[in-house]
Amino acid sequence: MAIRSVLGLFNNEDTAADALDALNEAGFDQSEYEVLTGTPYPEGTFGEAEPVHKLYRFPLIGAACGFIVGLLLTSGTQLAFPLVTGGKPILSIPPMAIIMYEGTMLGAILFTVVGIIFESRLPRLLMGAYNTKITEGAIGVAVTTDETKVSQAEDVLRNAGAEDLKRGWETEQNR
Amino acid sequence: MHNGESQNGQANLATPAGINTDLLKRHGNTGKLFRSVLLVTGIMFLVGIVGIVLRLLEDGTENTRVWGYHAAAFAFILTTAQGAVMVAIAPRMAKAHWRRPISRVAEMFAVVGIVNLLMFIPLLSVLPSLEDGRRSLWFYNAADPILSKVPVYTPHIWASLSLIFLVLSGLMLLWVSSLADLATIRDSSSGRKHRFFAWLANGWHGTSKQWFMKYHRIGILGAFYFMMLIFTHFLIATDFDMALIPGWIDALFPITHAANSLQAGCATVIIAMFVLRRFGGYGDWIGLDQFWGLGKLMFALSLLWFWFWFSSFIILWYGSRPNEESVLNLIIRGPYQPAFMAAFILNFIAPLFMMMWNPVRKSIWGPTLVATGILIGTFFDRIRLYVSAYSIPGIGDSSVDKHMLHEIPQTVMPHFIDYMIWVGAIGGSVFVYMLATRIFPIINIWEQKELLLYKFHKKLHRTEVLVLGKPD
């Protein structure tokens, strides 16, 4: 099924929030519409759904991998070449901590960088409707839905007080 | 719109469009002064590159003595410019409003890390392997059948990785933080410029999810930058300085090195703020609030400078073993005493006795003057620590005793090539920073627009007050 998007432009926060309510009442799912702003409004300003993200997974997995590599490297070498120094245990934690710390950090940073690139590109290979007025303070409400529902979305946005409407993402794509 | 210079650094622009117009206009303008300074610093950068090439051709990398000033220049940039990024991170985490106009100024110092990464390359060749028997973190011992298997270039490997990832996390932080501003430039430009910024903005449309992710990424990358900065200082201070001086064992020195970086980082940003305000045309964006706020941080860190130094000094001084005495004779009492005194006065005494006064602390010229002193003091401090360390005879020679310094080497005065390298290090840092200002707006546009959401004027009895809110 082809996906289309339509953008309604609003000049104030209240009408944009009302548009979201109207879309909800018209039967659009929360995943079908989003708010576009040039300013980071506090979460929930427009009554939109709280974004779900997997950001922390990347650094956590990276940190775990780096830590494990650091641990294996340090403990493995010490166990492979066991040398008792001053009666202390073979596995000496303080020097191991240096490598394990760096391993943890390197893994976490590497995975974070990969995560940022991954999450930045994959969710939206094709960008939907957009208007440059958004960076100047206008608030956009973008509806991305089946082409059969685009006209309905336009009506809802227009009735909610959208100053301008724009279609986008006119590319066939399977859902 | 706005006339003259504001005191609180928040130009009186009431709409996002007004902020866009004002800051994009400034971003797009390159005056004659800018181009002249860019040209001069570009030439300085080239002079530095020629200096390093000359040094390599004339002296090679065997004789560590001639590389002391190069190592000091590297450590100076690490301490100042690479520490400056922290000014964007810590106050942002505290949700301070005064730092909004200067966060990008600080973040942008991440690009200077690229210059320092280049400067680090020759040092990898200069630092001998662990085979010379110096005492290090890495437990290498040629005489031991097991410990002799420790890779002899371990310090080189870990320090390189650490520095590379420090620079990488700084650049990622700068990019992620700038995404919304890059999109703003994209939306207001056309042709090749539009395509370039569209590529950099990476599909930024300002959806709730993108803003949400951006905030979290800034937080994560900021935390990683801080952790890597401390760790890089730890490795550089240990392997590229302390381990070269026989008999110097000081658990506090690496963290002292890192703490110095936080102080010098604040000083670097204050100088950049002053230059932007005085010569860059940002007088109505960077005002008293920013100097006052950052000046207080710098003051606190100047007091810490003494605390860290004294904690190390008292152990060596009370211990007074021959190896400890020789270290004190090298880096404090001996040939580098003038450099130490300069650092002590400029990094601690002068900030203490100047910043303790309200009129000085709450001014623009006061913190700037103190910051200039701190940078000069840091310059001397890095010279005393690194030039002295690299001048020790017998580095790389396993037949020389590495447990105690028996003879204090004479002061190494800079050679003509050393001047070239220092000129290149400073010039290259400024050059790269200035080039970055052509891409990233020096004042954070989206954070200024965000501030509009959280400030309003309220009548309070017979006066009017500015009320500032904070995001939850």
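Two residues are taken to be in contact if their C-beta atoms, placed from the backbone, lie within 7 Å. Axes are lines fitted to C-alpha atoms, for helices over the stretch in contact, with angles running from 0 to 180 degrees between N-to-C directions. Helices (H or I, at least four residues) and strands (E, at least two) are DSSP runs numbered from the N terminus. The structure is a predicted model, in which local features need pLDDT of at least 70 and side-chain atom pairs count only at pLDDT 80 or more, while totals for chains, interfaces and linings use all residues. Residues are numbered from 1 along each chain as its sequence is written, and chains are lettered from A and ligands numbered from 1 in the order in which they are written.

In chain A, an open sheet of four strands is arranged in the order E2-E3-E1-E4, with antiparallel pairing; two strands pair if DSSP finds at least two bridges between them. E2 and strand E4 (164-168) of chain A are at the edges and have a single partner strand each, so one side of each lacks a neighbour in the sheet. From one strand to the next, the twist averages 20°. Helix H4 (residues 150-159) of chain A lies across E1, E3 and E4 of chain A and runs at about 5° to E1(A).

Strand E3 (residues 139-146) of chain A is antiparallel to strand E1 (residues 3-10) of chain A, to which it is joined by eight bridges. Within this pairing, A:Leu7 stands opposite A:Ala142, and A:Phe10 has A:Ile139 as its bridge partner. E3(A) is also joined to strand E2 (residues 33-36) of chain A, by four bridges and again in antiparallel fashion. Here A:Ala142 is the bridge partner of A:Glu34. E3(A) is mostly covered, with seven of its eight residues buried (20 or more other C-beta atoms within 10 Å of the residue's own; exposed, 12 or fewer; partly exposed, in between; C-beta atoms placed from the backbone).

The contact between the chains takes 44 residues from chain B and 38 residues from chain A. On the side of chain B that touches chain A, two or more residues each come from helix H1 (16-28), helix H8 (154-187), helix H10 (208-239) and helix H18 (445-454) of chain B. H10(B) supplies the largest share of that side, 13 residues.

Elsewhere in chain B, helix H16 (residues 365-390) is mostly covered, as 20 of its 26 residues are buried.
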